[in-house]
Structures are given as structure tokens and as C-alpha cells.
Amino acid sequence: MNTTPRDCPAPLILEAHFDGLLEGQERQSVRRHVKRCAACRAELDRLDRLTKLCRVLPASEADAGLEARILTVLGATPARPVLPWHQRRPLRVAALAAAVFVLAVLAWWLNRDGVDSESLRRTPELAEEPAARATDELVKVEEPEEIEEFPQPPELEDPSEVRPPRLEPRDEARALLVAWSAEDGVDETWRALNELSETHPEIGSATRLLRELGTETGPAAVNALRLFVAHEPSKAGRTVEQVFDESIHPEVALELCLKLTPARARRILSEALTRPELQEIAIRQIGEFGDPEYLSALQEIALERPELGDVIRSAVQQIPGTDSLDVLLELHARGSTNAVPALFSLGEPAFQYLRNRLENRRLEEASLEIELLSRLGDRPTVGLLSERIDRIHQNLTSDERTILAVALSRIGGFEAARTLARFLREDGAYGSSSLDPSLLLSFDSDVAAGLIVQAGESANPFERAALLRLAALIGRGDVVGELFELARGRDRRLHLPAIEALGETGAAQAVGPLGQLLSSTRGDDRRAAIRALARLGDVAAVPRLAELLRRDARLRPEIVEALTSFDSESTIPSLIQALSYRDVRDRAHAGLVTLTGVELPARAKDWERWLAEQPREEH
Amino acid sequence: MTTTEASLQLDDRSVAAAKAGSLEAFEELVRRHARPLYAYLHRLCGDRQETEDLIQETWLRVHKAIERFEGRSSFRTWLYRIATNRFRETYAKKRRRERLAPAPEPDEVRSEPGESMRLGELETAVRSAIDRLPGKQRSVAVLSIYEELTPRDIAEVLGLKAETVRVHLHLARKRLQRDLDPFLEA
């Protein structure tokens, strides 16, 4: 009768039955099953055939001299072909010698201070005469002839006497550890410790050795801990904790704690945060650990110890999640650290997070987010700010306008410039600009050219004026040609704003085009050109204005206004001439008095006499 | 008294005398165990020169450590443990070397001149199948199949738990069955 595979014993049980390892009830049960299960019988048969098949491989016979060779090697140990670990490489011997020397100095120092060292209590033989023995060993291992030639000793009865001179096993282990460096990898030293432990069972396993040596003081202990954690992290936890708790090498324990279980790492890190001397290392480790639980503690430390601001910032930016961004922003707001590099390195998730915060806050509460986003040059922020300006631009305070203008200029680009142009709508064509010219330095003339094109397409006269004005402020002399084209182009709607914008460029190149525009057939254009020349304030325009003063009676008020605004002595003859025209006499007289500081009546002859008396070179 | 028990008693006596400094007693241990140990090591590594080095290293270590041997396991188990550790080290080194440089075909490495000519096809297949086992599975399989040690004894030799040994043995058998399938079917 056959059973289903479901009733069959597990493969390991069936194999245990095959190996005769089962007993009692279990053995009977499997036996009964096998009797009625063809599949299991076949499997047992297969196992049997496999064993027999493998055994066809004959045992390799050693030749007749095997025992003799072994005994010869044992009887003449120093000449043996296979050397113990500490004699295999000259480098190792040198490292061992150096390590012994370090141990000797350490022991001497401890004895000198009368320190009852824990390590020395554990190794009384080292405490008794460490320097003397270590020096002896140093002399022995330093003699290359002895090491390299392995002189044949006299015939010895007791094989133990032929062993090479050696340190005590624990000292040997310490020396090995001092010579070890993490870059060497762990395998070789671990194996050497294992060999040592095999040869000297009384010192216990390599694990036990590291556990004991790791809680000592000194360089061997530090390396013992490091090797222990590198090779057996699951077993090293308690030792590392002990080293930390007893302040033996707390900074080393802290450095290693991340390789332990998370619970142990957490305990050590939490404890270390309460100890000021360990805080900096702990903070670095917390960054690597990446646990958001520590964020509030880091925030508190940042307030208490501003000098750790950058260390904390680096740690926080390694911790995933938005809580860490909250902390970063708070630290930035309080001046503990500059969050910009951290946010920049976090990339789009950080930007998105800041944008969300910006969207969910009122403008006056979001200055931090706006500042950071603009410093990060985040273009999508322009859209958010633009919407915000649309909604509340009537109610913006001058501080808020400044924040927004600064942010937009930092972000740069065409959209930012276009948004910025909205502020100019309200400033009026020749009113004081709310824009600090330095803000516009971040834009390039391509942006200015884009704004001019945009102005040509705009249906809103205020927008047209604002766009062209901003283009002029950004593009300066680079856009004079384009603005001049608009000022005399077919689209008359653009004439006035373009002429006004020419005045905003502040560029000497604009004087010529504006001079040409003084001959425009349209009176409004000529008036606008006069105002623009006044805005430019370039005295090169004075002769052209003087000529126009004589020619065009309708434009006299604007010309006199422009001449007085130059605040230049080169305008005096023109202003004296203007005293002859009744409609502008008072304004010209006031200008002359202000300019010269001379109180004469508003009569041209009096002023001409005064002018003739002045030395020529002054005029 | 069984043969095994008698053999254990002989070992105990020789070990006690060797610990007291008797070279004859140590020689007795060498004579009793050197050849089986040689066969074991050769099955593990498959190379005569390597076996020779391993056996000498093993006995050297036994010689150095015997005065501290406390008899918590049998001498044979202790001896095989030391030998297996030596093999593992050599195996690990070889693996590292192979990782650095492309390994030649296993048969070329294992077979010595003339030897493969003597071995029949079956023997060669078994040899290759054992060579292809990973380190621990190979030790467990050789100790179980050839040395006929129980999982508990193997556990002592290899420093593992008996349950772990059974798992390694199971995996080794599966792998051997797969590699030797044509011969098993035949």
C-alpha cells in the first residue's frame, strides 16, 4: 500500500532514519511508514546507493614514509618547512616587535603612576615585569639570523623544549591586536587568534579572548573591540556596551555601535547625547543611523550649542522624512546653521516640501520658505508667488513687496521677471521705483528682450508699461535699439511706454534716439521724449533741448522742467533765454536761483549781465 | 569491550603519556592516526602535496598543544578538528586566489599526472562531485560517508550544532545525487 507524499516524513527525518539516528517511538513510526511507502523506500534506496557509490573512491594511501616524515618534522621543529604564524613573515615579526614595545611602554607608564590597572589585574604576569620581559622578547625577535636560519638545536628528548621562544599567549594576542589595522581585513588576525586559542586552550576561544581584551585599556583593547565587532557583530554587543558604560573607550564604543543591533545602538546613542564630550561623535553617528526619533534631541542641542550647528545639520539631512526638514528649517530660522546646502543636496523632495509649506501659509508667515526656495533658485516657486500676488497684491505691505521682489530676482528667469513687472504697474512711470536696481542684476538681457516681446503682445496698457520699464531696468544699453524701434513703430500704443522706458535705461546710448524722437510728428511723443531725456539726466541732451525751446512754443514747459532737473550749469544760458517767455518765466527763474544761488529779478537782461561778468571757463 | 572502546582507551593512555613528555607515546598516536587522517585530508582536498602539507601542519599543532589537551572530546575528534581547521584555512585561501585569478578546470587542478589515468570514470565523477561541494558540506559529507562519524561527532569536529550538521549533510547529499545522477540511475 502506498501513502500520499503528504504523509511522508520530512526529508531530514527520513535521512536521520537512514543514518540510524532515530530512537523509540519516532523510529517505529518512520519504519512503519517506509514499509508501506514506495516513494520513501525509493529515497532510502537512493541514499544507500549514493553512499555506496561514493565509497568506490578508494582511500588514498600515503607512501611508506609518512609517519617518519611527520616525526622528523616534529623532532626538528625549527627546521620544519611549515612555520608557525609569528615566524611566517618578516613583516609580522617587525609588527610584533613594535607591538611588544608599545605594550612595554604602556605597562611602564601604568606602573610609574601606580595605577592599579584592570588590564594588569587580569594579566598579572604582564604586571610583574612587563618592560623587562617585553624587552627580552624584543631582542629575541629582532635578531634576524636566529629567525632566518633556524639553527638546529642539540638533540632534545622533550619536544616541548624545541618550541621557539614566545610571549605569554595573552600578550601574544595583545601584540597581534596592536599590529592589526582595519585596512588589513579581519581574516588573518582572526585566524591567528584562533590558532593561538587552539594552541593554548586555557585562554579560551578567540571570541572569549576578544571579549576580555576588549574591556581592557590601551591600544590592544581598542583593536580588540574593532576586530570583535567586524568579525562577530552579533556577539560583540554586550562588550561594546560595557566599554561604553564603564567609560573605558566610550568614543570607540560609539563609533562601533551602529554595527550592533538597533536596540543596542539606540541605547548607546541616547546615553551619549547626554554627555557633552561625546555629543559631537554621537550626532555624526545619529546621522548615519538615520532614526527620526532623535530629531527633537538634536534640535535642543543645536540651541544649547550653536557651535555644533553644522554637524547637526549634516546629521539631520541624512535622516529621512519630512520631520528632519522641519528641524532643518527651524535651525536655519534660529541662525544655528545654514540650511541651504542641506536642502539643495536633498533635491526635489525638499523643494516640494517647502512649496507645500508655502502654499499652506499666509505670506507674512512664509518668509522663511520664500527665502529658502528663492536661494535654491526654485523656478516653480515663481508660479506660487505669482498666484499669491494676483490674489492679494492690493494689500501687500512694502516689506512683503520687498520679500517677494528679492525672491523673484534671486530665482531669475523670464517668468520671475514678468511677475516682478507687476509691482512696477503701481509705481507709476516716473515715480520712485520699489525695485532695488541691484536686485535686477541676476537677470540677463535675454530676459529683457523677452519682456519687450511680451509687452508687444499685451493688451493691458499698464502691463505694457511695466514690462517695458522692467526690460529697460534689466537690459540697460542692450535694449535701447529695440525700445527705439517700438517708440517709432507702427503700433502707436507702444510709443509712449517705449519712450519712457528709454529714459529708464540710464544709458548714454539712449540720448541720440530720444533726440531724434524730439522731431516726432506726434506732440505726445515729443513730450515723452523730453521727460525721458530729463530722466536720463545726461547733459549731452542740453543743446538739443535749447534748440527746441526756441523752435516749439508748445513744448516750453516740459523743456524748462527738463533743463532745471539736470542741475547743471550748462543749462544756465537756456534758462536765461526761457525768461523771455512769459509762460515759463517763473519756473525758469526759480531754476536759475536754485542753480546759481544768485538772487536777481526774473529779467533776462539782468541775468545776461551777470553771466557776462562770470569768468568764461566757469560756463 | 568494542573495538572502538578499546581504541579510545589506547588513545587515552597514549595522550596521557605524551602529555607527560613521552615521545614514544606521541609516536604511537602518529602511527595509529596518521594514515586514516591522510586519507581523510586527501578526500577533502584531493591533492597529494596539499595533503602532505596539511598533515604536517596538523601534527605540528597537535604536538604543540597536546599538553593542554583536557580530553573533553576524544583524541580523534580533536585531531580531526585541527585537521579540518587547517583544511578550511587552505580552502579559504584558495577561494580567494580563485576569485582574483580565473580558476583552471577542477579536474586539471585535482588530478595529478597519471592519477586520472588510473581512476575509472566513476571514481573521477565522484572525486569531482566531492570537490564541487562547498567547504562545510564537503567536510560534513567526507566525515559522514568515509569516516562514518555520526552527526554529533561531526558537530564536535567542526564546532557546529548537530542539527546544523544534519542540514549540511542533507544539502551535500542532494548535491551529490544531482551530480552523480547518471551513475545512480545506472
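Predicted model: local features only at pLDDT ≥ 70, side-chain atom pairs only at ≥ 80, totals over all residues.

Visitor: Which hand does the crossing of α28(A) and α30(A) have?

Guide: The crossing of α28(A) and α30(A) is right-handed, and by the definition this means that the near helix is turned clockwise from the far one.

Visitor: What makes α28(A) and α30(A) roughly parallel, or roughly antiparallel?

Guide: Helix α28, residues 461-475 of chain A, packs against helix α30, residues 495-504 of chain A, at an angle of about 25°, and their axes lie 8 Å apart. Angles under 35 degrees count as roughly parallel, and therefore α28(A) is called roughly parallel to α30(A).

Visitor: Which residues of α28(A) and α30(A) meet?

Guide: From α28(A) come A:Arg464, A:Ala465, A:Leu468, A:Arg469, A:Ala471, A:Ala472 and A:Leu473, and they meet A:Pro497, A:Ala498, A:Glu500, A:Ala501, A:Leu502 and A:Glu504 of α30(A). Sorted by class, this contact of α28(A) with α30(A) has 9 nonpolar residues, 4 charged ones and no polar ones.

Visitor: What is the angle between α13(A) and α14(A), and why are they called roughly antiparallel?

Guide: Helix α13, residues 219-231 of chain A, and α14(A) pack at an angle of about 150°, with their axes 7 Å apart. Angles over 145 degrees count as roughly antiparallel, and α13(A) and α14(A) are therefore described in that way. Their crossing is left-handed. The contact is made by A:Leu225, A:Phe228 and A:Val229 of α13(A) together with A:Pro233, A:Ala236, A:Thr239, A:Val240 and A:Val243 of α14(A), and its residues divide into 7 nonpolar, 1 polar and no charged.

Visitor: How many residues does the largest nonpolar core have, and which of them have the most contacts inside it?

Guide: The largest nonpolar core has 136 residues, and those with the most contacts inside it are A:Leu298, A:Ala471, A:Leu483 and A:Leu502. The largest share of this core, 9 residues, is supplied by α28(A). As for A:Leu483, if neighbours within four places in sequence are left aside, this residue is in contact with A:Leu468, A:Ala472, A:Ala498, A:Ala501 and A:Leu502. Apart from this core lies another, of 52 residues, and among them are A:Leu50, B:Ala18, B:Tyr38 and B:Ala141.

Visitor: How do you know whether A:Cys54 is buried or exposed?

Guide: A:Cys54 has 21 C-beta neighbours inside 10 Å, and a residue is buried if that count is 20 or more, so A:Cys54 counts as buried. A:Cys54 lies in helix α3 of chain A, residues 38-54, and, not counting residues up to four places away in sequence, touches B:Val126, B:Ile145 and B:Leu176.

Visitor: Is A:Ser247 buried or exposed, and where is it found?

Guide: A:Ser247 has 12 other C-beta atoms within 10 Å, and a count of 12 or fewer makes a residue exposed, so A:Ser247 is called exposed. A:Ser247 is found in the loop between α14 (233-245) and α15 (250-256) of chain A, and its phi is near 55°, a positive value in a residue other than glycine.

Visitor: What makes A:Asp567 buried or exposed?

Guide: The count for A:Asp567 is 12 C-beta neighbours inside 10 Å, and since 12 or fewer means exposed, A:Asp567 counts as exposed. The place of A:Asp567 is in the loop between α34 (556-566) and α35 (572-578) of chain A, and phi of A:Asp567 is near 55°, again a positive value in a residue other than glycine.

Visitor: How many residues does each chain bring to the contact between them?

Guide: The contact takes 39 residues from chain B and 37 residues from chain A. On the side of chain B that touches chain A, α3(B) gives the most, with 10 residues, and the residues of that side divide into 18 nonpolar, 6 polar and 15 charged.

Visitor: How many helices and strands do the chains have?

Guide: Chain A has 37 helices and 0 strands, and chain B has 11 helices and 0 strands. Of the 619 residues of chain A, 37% count as buried, while for the 186 residues of chain B the share is 39%.

How values were computed
Residues numbered from 1 in each chain as written. Chains lettered and ligands numbered in written order. Contact = placed C-beta atoms within 7 Å. Helix = DSSP H or I, 4+ residues; strand = E, 2+ residues; numbered from the N terminus. Nonpolar A, V, L, I, M, F, W, Y, C, P; charged D, E, K, R; others polar. Axes fitted to C-alpha atoms, helices over the stretch in contact; angles between N-to-C directions. Parallel < 35°, antiparallel > 145°, perpendicular 65-115°, else oblique. Core = buried A, V, L, I, M, F, W, Y, C linked by C-beta atoms within 7 Å.
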